[in-house]
Amino acid sequence: MNKFFDALKDLEGKHVFIRLKNGLEVRGVAVMIDPQTMNILLNDADLSNGDDFPLGHYGVLIIRGDQVSLIAPLS
């Protein structure tokens, strides 16, 4: 399980892509990821629906970990 938490910590400070359980997608810079709850703090976050239709831009966004279905680094 430590490798999983290490992988999450490696995403901090990087641009990430997050898909939520409701189908929405978020792109932003992961400032902090809590390894216990998977809550994610993002800066410069863009929210869109599954078809890349923009829904909003947020300076700071907090995502509850139980709503995340996928998180991946962006290159």
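## Ground rules

A residue counts as buried under 20% relative accessible area, exposed over 50%, and partly exposed in between, using a 1.4 Å probe and protein chains only. What you're looking at is a predicted model, where local features need pLDDT of at least 70 and side-chain atom pairs count only at pLDDT 80 or more, while totals for chains, interfaces and linings use all residues. Residues are numbered from 1 along each chain as its sequence is written, and side-chain values use heavy atoms, with hydrogens and water left out.

## The sheet

Let's start with the strands (DSSP runs of E, at least two residues, numbered from the N terminus). There are 5 of them in an open sheet, ordered S4-S3-S2-S1-S5, with antiparallel pairing; two strands pair if DSSP finds at least two bridges between them. At the edges sit S4 (54-63) and S5 (68-73), each pairing on one side only. From one strand to the next, the twist averages 25°; axes are lines fitted to C-alpha atoms, for helices over the stretch in contact, and angles run from 0 to 180 degrees between N-to-C directions.

S1 (residues 15-20) pairs with S2 in the antiparallel sense over 5 bridges. Phe17 stands opposite Arg27 in S2.

Helix H1 (residues 2-11) lies across S1, S2 and S5, at about 105° to S2. Helices here are DSSP runs of H or I, at least four residues.

## A look at Met32

Met32 belongs to strand S2 (residues 25-33). Its relative accessible area is 42%, so Met32 is partly exposed.

Beyond its neighbours within four places in sequence, Met32 is in contact with Glu12, Asn39, Ile40 and Leu41, contact being heavy atoms within 4.5 Å. Leu8 is 24 residues from Met32 along the chain, and their C-alpha atoms are 9.2 Å apart.
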